[in-house]
Every structure is written in structure tokens, then in C-alpha cells.
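Grab a pencil and work through these exercises on the structure below. Each task comes with a worked solution.

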Amino acid sequence: MTDSERILTVLNLKTYFGTPEGIVRAVDDVSFHLDRGEVLALVGESGCGKSVTAHSILGLIKAPPAKVAGRIVFGGQDLIGLPEREYRQVRGKQISMIFQEPMSAFDPLYTVGQQLMEVAKAHMPWEESEARERIIDTLKSIHIPEPEKRYDEYPHEMSGGMLQRIMIAMALITSPDIIIADEPTTALDVTIQAQVLNLMQNLQSSYRGSIIFITHDLGTVAEIADRVHVMYAGKIVEKASVVELFDNPLHPYTSGLLTSRVRREYKGQDLPYIEGYVPRAYEFPEGCRFHPRCPKAMEKCKAARPPEFEPAPDHTVACWLFEEGEGR
């Protein structure tokens, strides 16, 4: 993939927060890129830094009180340090976000149509009558039943699944280059999850935008992603294509996540799990941050932070087991 096909490049991103307990290193030296037309999944347990990474890209982390450093290059410019007025021209128009809680993402005092119209007024050069027509067309494109009726309804009159579809429509109004979907199926039941995932797959293939898909569900990743980055305790520990990651997981944390998936063959047995918990962001251990939970931890893991190794083409892992180019 050439640089000209890369739509977003994140380099050495650090997002820190000062708290009475200490410095919270929510995102700590994270680097990755997003190519045109691809779906990149950020995967990990709650508290690993996925959502803070997304909010940092969108300029939703205010500094101060937070400190955001590194580079976020989009459209040839570094977004970090961009004046808020200029950032608003990117956020919502060129980079849109689908939030994980549809029931709380909408203002209950305004109709869905009014809230969609606000997005159109802020970013698109349309008259109100044209904007309404285009919004309804967008609702139709994602198979919202009776879109004219839905336009005039309030959020409480819709189910969580319907609101999630409306939120996807809101993200699509401006035809953005990038959509960041932050756990978009977490609050939905299994049947509706499948419908939303299918919808996002169809949209990605039809309009060829790029998607950063944030999730803790590796089953979801297998369905929708092209590449996967696994995050743990504010860092990316493994990067690979979705096929390579599932066929050949390298990092012990990735292996643990894959093993912990619920499967039919586990019926009647104790479910496998990763022992321990993600440390609080102001209590990260020295060395590899996963070593207190890692079944393969060595003395070196406790003392030194592992760099990124590439034991296979386009497959990197931050683990001392691969220092000599041979995994264990």
C-alpha cells in the first residue's frame, strides 16, 4: 500500500490525563495508519485505550486538562494543535463517528429529523428543503422503514436498534472519508447486532469509505475487518490482517482473547479466560504491561518494554518472545 492510498496516519500518539492518583496514560505512544476503503479494527478489553484513541483523532479530548501529543495526519495536515474552528470543519464532515450508546446519543427534546438537520446545516451547502430530501434519501439508503415518519419522531419513540441505524445515517449525511464506529453493537441484542453489522458491511462496499471499527468482540472483527490492531493498557501489542491474526495469533494477550471466545465445544465445561485484570492507567507495571497476566512472562518482560517485532510480513507484535525472530 502506497502512502498516497493512506487516508490517515497516527504517529506516536500520547493522550495523558492528570489526576489526584497520578498521570493516566490512557493512550501511550500508539502508531498506525488507515488506508482508503478498508475497515481497521481496534480490539481489546474495556479500559485499554480504544475509545480515547478515537476521541483523540476527532479532537474531542480537551487540552488542558488532558495532554495530547504526537501526530494525526489527515488530508496532508496534522490535526493535533489545529484551531477548534478548523477542527470542526473536519469533525462531522470528513471524519464522522458512530457512538456506542444510541439511547443516550440523541437529545430527547428534539425530533430525529431536527438533529439530523443540524448536521446538514453545519457542514453542507443545502437549503433546508433540499437538506430534508437528502436526509430522507439517506434514511432510505440504510433501509429505515417509513423514513418520512421517522424523521418527525422523537428518540424515545424508537428502539435502540432503530436509533443506531439513525446514528449511522447521521454519520453518512456528509459522505465522510472516515467513519469511526465505537462499539456500535454493544448495547443491542444479538439479532439487531447482526443487522447493524450487515448494514455497515454493505455501506463500506458501496461507498468505499474507510472505517475504524472499535470493539472487544473478536467474532465481530472476523465478519467486518480487513486488518486488526490489538490494544492492551494504552498500547498496540499486535497488528495483522484479520485472516493472519485468527490463523496465527502471536502475542499471548491476543491468544488469550481468541481462546476466551464462547464456543459450542465448551458446553458443560469451565470457560477459558485471561487471569487478572487490565491495570488502572496510573498503575501500569514496568516493562511489558501484560506480564503480570502472561503465562509466558520472562524476567526480561518485567524490566524492559518490548519494541515492535515483525516475525512475518505485515504482522507485527510487541513481545520479547519474538526478539530473535522466532515465536514460541
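**Exercise 1.** Find which residues touch the most other members of the largest nonpolar core.

*Solution.* Start with the term: a nonpolar core is a set of buried Ala, Val, Leu, Ile, Met, Phe, Trp, Tyr and Cys residues joined through side-chain atoms within 4.5 Å, where buried means under 20% relative accessible area with a 1.4 Å probe, protein chains only. The largest such core has 69 residues, and M200 and V228 touch the most other members. Next, look at who contributes: helix α7 (residues 160–172) gives the most, with 8 residues. Finally, note a second, separate core of 28 residues, which includes V27, I72, F74 and I180.

This is a predicted model, so local features need pLDDT of at least 70 and side-chain atom pairs 80 or more, while totals for chains, interfaces and linings use all residues. Residues are numbered from 1 along each chain as its sequence is written, and side-chain values use heavy atoms, without hydrogens or water.

**Exercise 2.** List what M200 is in contact with, leaving aside neighbours within four places in sequence.

*Solution.* Contact means heavy atoms within 4.5 Å. With that cut-off, M200 meets I98, I168, A181, P184, I211, F213 and I224.

**Exercise 3.** Work out how many residues of helix α11 (residues 252–259) are buried.

*Solution.* Go along the helix and pick out P252, Y253, T254, G256, L257 and L258. That makes 6 of the 8 residues, so α11 is largely enclosed by the rest of the structure. Now check the cover: it includes β3 (39–43), α9 (218–224), β9 (227–232), β10 (235–241) and α10 (242–247).

Note on methods
Buried < 20%, exposed > 50% of the residue type's maximum accessible area, 1.4 Å probe, protein only. Helix = DSSP H or I, 4+ residues; strand = E, 2+ residues; numbered from the N terminus.
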